[in-house]
Amino acid sequence: MINIVTKHTENAKAEHEKGLLRKTRAKLNSSSLPKYLKEFIDKNLTQILIEKPDKLLEINKEFYSTNKGSVKKINPKIREIFDYNSFTNKKQEYNGYSLADNLQINTCPNCNRQYTITISSKKVEGQLTRPDFDHYFPKSKYPLLSLSFYNLIPSCKICNSTFKGYKETDIKQHIHPYSDNIINDFSFDYKLSSKGLYKCESISVKFKEPTTKDRIKKTFEMFRIEETYNGHKFIVDQILQLKNSLNDDYLEILTQKTYDNINWTPEEAYRIGFGVNYKDDELCEHPFSKLKKDILKKEEMLSVFKTDV
Ligand SMILES: [Zn+2]
């Protein structure tokens with residue numbers, strides 16, 4: 001749900017190309033693929049590694065229409081060239097940890113529930129962690145795109161393995177976290193229980209933009225967004241309790257009346273008050289940033305951002 005184009009993206013893409021181009025070309029040269037296919041890949045190698053999703057599909061289509069042999073015979077050879085298993089091996093100079101380190105995406109863009117931080121220190125072998133990389137176009141069907149930058153979506157294990165599994169995403173039907181920015185096309189909504197004042201009964205998703213509604217809906221169904229968010233109803237309760245105990249102008253108070261007269265900006269007060277960033281392009285820094293922002297908007301607690309409300 002969160003777009004992951006950040007200030008780090010261009011550098012991460014350049015490093016991805018630098019880290020894989022020579023090695024992949026060497027594997028291509030020693031491959032037993034027919035010469036005309038090797039020439040096709042050689043000519044398009046940079047694009048295969050770093051082109052945007054729609055262009056990747058065009059190159060993939062062109063490759064298989066150029067191919068005159070059996071796809072079943074060709075694909076294992078393609079997998080050896082665009083070798084994802086080798087990419088996941090920490091011993092390789094450039095690998096999945098390098099990409100995760102360069103991207104610096106702190107939470108899963110699919111759910112914004114789980115942290116996806118990277119620990120790649122060489123000193124502590126075996127105790128490393130990084131996000132999974134979800135192949136947006138599955139590598140079983142698109143082996144040519146197994147190492148393509150825009151086909152490697154940093155994700156949490158639950159979204160990648162449990163929910164998506166072998167299901168396929170496709171740009172006509174689903175949201176792509178690099179190509180689409182749908183953050184203002186939907187919002188989280190909630191109903192309160194009649195039993196308790198600050199008891200959230202259910203969380204739901206409201207769609208605001210008809211042109212993206214179907215794709216967002218399909219993507220959210222795949223990652224079971226509504227169901228999982230209903231496991232976190234206490235976040236709504238907490239914000240409503242805060243509103244009631246303090247004031248609608250909680251953020252305004254933080255910007256004006258700190259004890260030692262530190263003048264926090266509205267963004268700083270927001271981060272300190274709710275533990276998440278305010279700006280849309282920083283929502284992937286912390287879990288539940290979008291949910292919290294939507295609750296605060298609905299409860300009219302954002303008047304401190306005067307231009308925004
Ligand atoms: Zn996730």
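**Burial, domains and a helix pair in a predicted model**

Biologist: Of the 309 residues of the protein, what percentage count as buried?
Modeller: The model is a predicted one, and burial is judged by counting neighbours, with 20 or more other C-beta atoms within 10 Å making a residue buried. Applied to the 309 residues of the protein, that criterion gives a buried share of 32%.

Biologist: Which residue ranges does the domain assignment give, and how far apart do the C-alpha centres of domain 1 and domain 2 lie?
Modeller: The assignment places domain 1 at residues 9–164 and domain 2 at residues 186–308. Where the two meet, the contact takes 13 residues from domain 1 and 13 residues from domain 2, and the side of domain 1 that touches domain 2 is made up of 6 nonpolar, 5 polar and 2 charged residues. Between the C-alpha centres of domain 1 and domain 2, the distance is 35 Å.

Biologist: Among contacts between residues at least 6 apart in sequence, what percentage join residues at least 24 apart?
Modeller: The protein contains 13 helices and 4 strands, and its C-alpha atoms fill a box of roughly 70 × 40 × 35 Å along the principal axes. Of the contacts between residues at least 6 apart in sequence, the share that joins residues at least 24 apart is 63%.

Biologist: How are H10 and H13 oriented to each other, parallel, perpendicular or oblique?
Modeller: Helix H10, residues 234–245, packs against helix H13, residues 289–298, at an angle of about 40°, with the axes 10 Å apart. Angles under 35 degrees would count as roughly parallel and those from 65 to 115 as roughly perpendicular. The orientation of H10 and H13 is therefore oblique.

Biologist: Which residues of H13 do Ile235, Val236 and Ile239 in H10 meet?
Modeller: The crossing of H10 and H13 is right-handed, and by class their contact has 6 nonpolar, no polar and 1 charged residues. On the H10 side stand Ile235, Val236 and Ile239, and their partners in H13 are Leu291, Lys292, Ile295 and Leu296.

Biologist: Is Glu51 buried, exposed or partly exposed?
Modeller: Glu51 sits in the loop between helix H2 (35–50) and helix H3 (53–66), and, leaving aside neighbours within four places in sequence, Glu51 is in contact with Leu56 and Ile59. A buried residue needs 20 or more neighbours, whereas an exposed one has 12 or fewer. Because Glu51 has 19 C-beta neighbours inside 10 Å, Glu51 counts as partly exposed.

Notes: Residues numbered from 1 in each chain as written. Predicted model: local features only at pLDDT ≥ 70, side-chain atom pairs only at ≥ 80, totals over all residues. Axes fitted to C-alpha atoms, helices over the stretch in contact; angles between N-to-C directions. Helix = DSSP H or I, 4+ residues; strand = E, 2+ residues; numbered from the N terminus. Parallel < 35°, antiparallel > 145°, perpendicular 65-115°, else oblique. Left-handed = near helix turned anticlockwise from the far one by under 90°. Contact = placed C-beta atoms within 7 Å. Nonpolar A, V, L, I, M, F, W, Y, C, P; charged D, E, K, R; others polar. Domains from an automatic or database assignment.
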